[in-house]
Structure formats: structure tokens, C-alpha cells
Amino acid sequence: MKPSLIALLMSVIATGLGAETTVQSCNRTVTFDTAPKAAVSNDVNLTEMMLVLGLADRMVGYTGISGWKTLDQEMTAGVEALPELSSKYPSKEVLIGADADFFFAGWNYGMKVGGDVTPETLAPFGIDVYELTESCIHIGEKDAASMEDMYNDLLNLGAIFDVSEKATALVQGYRTELEAFTANLAPLETAPRVFVYDSGEDVPFTAGRYAMPNALIEAAGGTNIMNDFAKSWATVGWEAVVERNPEVIVIVNYGEVTAAEKRDFMMSNPAFADIDAVKHDRFVTLEYVEATPGPRNIEAVKKLAAAFRTQ
């Protein structure tokens, strides 16, 4: 064999070996020999992570959006070439039928513990799974939610799809933007007490210490009144909300009940009349895609910071 041919062969082998990528996905170490070519993402925020990394051409569709949420103009344009394979959580058959080789989802973001769609049930069909970092609390221990959760997902997706340079630049841009913004924030005498109202009238669905709004609120200078609640997104009793007396209420806007309707419910209920946020009508709305891990988290911090400094 000629030396030049040997060199070419060795180069090909080295390139192939170099393509192998290993990332941590919750409690699993996942290795990719090559970048996925037929990916599916679940939910609006995870789909937006894929889009912001320029991965639409590596996708065969998305799931879990129209069953609960509506897309704004920006997101609609981003996914117009892709089919929605399932309006809510996909079945295993849906993903197999799409010839998917990768599923970007999370626990309670397209997968349920012990459910039909998990990394273990999809593996025999050649479908690798990467799990949303925020959701890892459902299957193990983790630190309280932080901006690092979102950054970690973007960097891992960058490695998986061989676009690390783009992911690194994007994350660095987010870090720089957030650091510059918070450094110039007007100081607050005390951190305002904040309650996240996602949904529910009999009992409210809210964000505990492991949900992304906990990190957003802290970055904006506030304190989540449920930051000692060792849950991600979960229900609490209204009694605890009244007792902790939030000064600001963050409404998560999605689904059939509008943000205005959620505010009206709290404003008109005599049980909430003595809550400071209700007395002073201090509500701020975050869209679902802002309140969950994703590219719009930086703007969410800015929105919250402005609301915390408005009397």
C-alpha cells in the first residue's frame, strides 16, 4: 500500500474516532458515534433550543406543542418546514414511525417516569434520548435550578450535533448579556417576595426550587416564596401562598385560561384580598417559553427585574 494511501486511511479512521461524543444526560452517560440526522424535540422551549442552534435540518418533526400552547410568529416561522408528530406527548410508535434517531425531551416534558416513552424503551429502536437538565430532579438529586441548567443543555446539544462552536458562542453571549444587565440593575432595599402562578384554582400549580423560574427570579433580584419547596413544578395549598404573602405574582401564560383570567381570579377572590401583590396589583406575565429552560430566559430575567422595581 502506498504511503499516501496509508495516510489517507489513517486520516479517515481518526476522523471517525473523533466524531464520537459523550455527554451526561441526568444520571446516564450517553455516547454518540455520529451526530443525529432525524431528531425530534418535545415542547416549545426544547424545540426552540434546537432551532437557535440551527438544527432544523437535522429534525424530522416536533411534538407536544399545539395540545397546550400556541406558537408566536418567531416560532411559527422556525418550525414551518417541520411536521408536528403529536399534539401532546408522543407515543413510542409515533417516534418509531417517524424514523427518529434522537429524542430531545425531559421528565414531564414528553416523558413520564415508568411511562411508555423513556430512554430505555426507545433504545432498542435506535432512538437516543437527551434529557432536559431541569427535569432531572424527577429521577435523582440535583442542585436548585440555575441558569447553568439551560446553558448545559445548549452546550450538550452542541456537542451531540457537532455544532459546539456555535453553542459555545451562544452561551457566552447569554452569559455576557446577563452579567452586564444585572451589574447595572438598580439595587433593591430588600428582595421582593415572589409567587409563580402557573395554573389551577382549587390548588395552584407553581414553581419550587428545582423549576426554572426559581433561577429567573433570583437573577432578577427577587426571592421565590416557594424556594424551600423541594419540587420542580408542583401543586401547593393556597394557605401557604397567603401565609407567605408575596409582593409580586408571576403568571405563566399558556393554555386555555389566559393570563388576564388568572389575574382576575386572584384579584376577585376575597381569600387573597390581604396578599400584598393583590392589594397593590403587582402582577407580571411570563410566556411559557420564557418561564421554562430555553433561549428566552435572559429576556425573562429582564422582564422580572423591571417588574420588581416598579411600585
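Is Ile249 buried or exposed in this structure? In this predicted model, Ile249 is buried, because its relative accessible area is 0%, and the cut-off for a buried residue is under 20%.

**Ile249 and its strand**

Ile249 is found in strand β13, and five of the six residues of that strand are buried, so β13 is largely enclosed by the rest of the structure. Leaving aside residues up to four places away in sequence, Ile249 touches Phe195, Tyr197, Met266, Ala277, Val278, Arg282, Phe283 and Val284. One of these, Val284, lies 35 residues away from Ile249 along the chain, yet the C-alpha atoms of the two are separated by 6.4 Å. Across the strands, Ile249 stands opposite Phe283 in β14.

**The sheet around β13**

Strand β13 belongs to an open sheet of four strands, which has the order β11-β9-β13-β14 and parallel pairing. The edge strands are β11, covering residues 223–224, and β14, covering residues 283–287, and each of them pairs on one side only. In general, the strands of a sheet pair through backbone hydrogen bonds, in either a parallel or an antiparallel manner. The table lists the pairs of this sheet with the bridges that join them.

| Strand pair | Direction | Bridges |
|---|---|---|
| β9 and β11 | parallel | two bridges |
| β9 and β13 | parallel | four bridges |
| β13 and β14 | parallel | five bridges |

Individual residues show how these pairs line up: the bridge partner of Val194 is Asn224 in β11, while Tyr197 has Ile251 in β13 as its bridge partner.

Helix α10, made of residues 259–268, lies across β9, β13 and β14 and runs at about 145° to β13, whereas helix α13, made of residues 297–308, lies across β9, β13 and β14 and runs at about 175° to β14.

In soluble globular proteins, nonpolar side chains tend to be buried together. Here the largest nonpolar core has 59 residues, and those with the most contacts inside it are Phe102, Phe104, Leu157, Phe161 and Leu304. A second, separate core of 19 residues includes Ile249, together with Ile225, Ala234 and Ala277. Returning to the largest core, of which Phe161 is a part, the contacts of Phe161 beyond four places in sequence are with Ala35, Pro36, Ala39, Met50, Leu55, Arg58 and Phe102.

Met50 in turn is one of the buried residues of helix α2, among which are also Val44, Leu46 and Met49. Because eight of the nine residues of this helix, which covers residues 44–52, are buried, α2 is largely enclosed by the rest of the structure. After α2 comes Gly54, whose phi is positive, near 75°.

**The chain as a whole**

The chain contains 13 helices and 14 strands, and 48% of its 311 residues count as buried. Among contacts between residues at least 6 apart in sequence, 65% join residues at least 24 apart. The accessible surface of the chain comes to about 14400 Å², and 53% of that surface belongs to carbon and sulfur atoms.

For the overall dimensions, the C-alpha atoms fill a box of roughly 85 × 45 × 35 Å along the principal axes. The radius of gyration is 21 Å, which agrees with a compact globule, because a compact globule of 311 residues would have a value near 19 Å.

Terms used. Residues are numbered from 1 along each chain as its sequence is written. This is a predicted model: local features need pLDDT of at least 70, side-chain atom pairs count only at pLDDT 80 or more; totals for chains, interfaces and linings use all residues. Side-chain values use heavy atoms; hydrogens and water are left out. A nonpolar core is a set of buried Ala, Val, Leu, Ile, Met, Phe, Trp, Tyr and Cys residues joined through side-chain atoms within 4.5 Å. Buried means under 20% relative accessible area, exposed over 50%, partly exposed in between (1.4 Å probe, protein chains only). Contact means heavy atoms within 4.5 Å. Two strands pair if DSSP finds at least two bridges between them. Axes are lines fitted to C-alpha atoms, for helices over the stretch in contact, and angles run from 0 to 180 degrees between N-to-C directions. The radius of gyration is taken over C-alpha atoms; the globule rule is 2.2 Å times the number of residues to the power 0.38. Accessible areas come from the Shrake-Rupley method with a 1.4 Å probe; for residues, only the protein chains shown count as cover.
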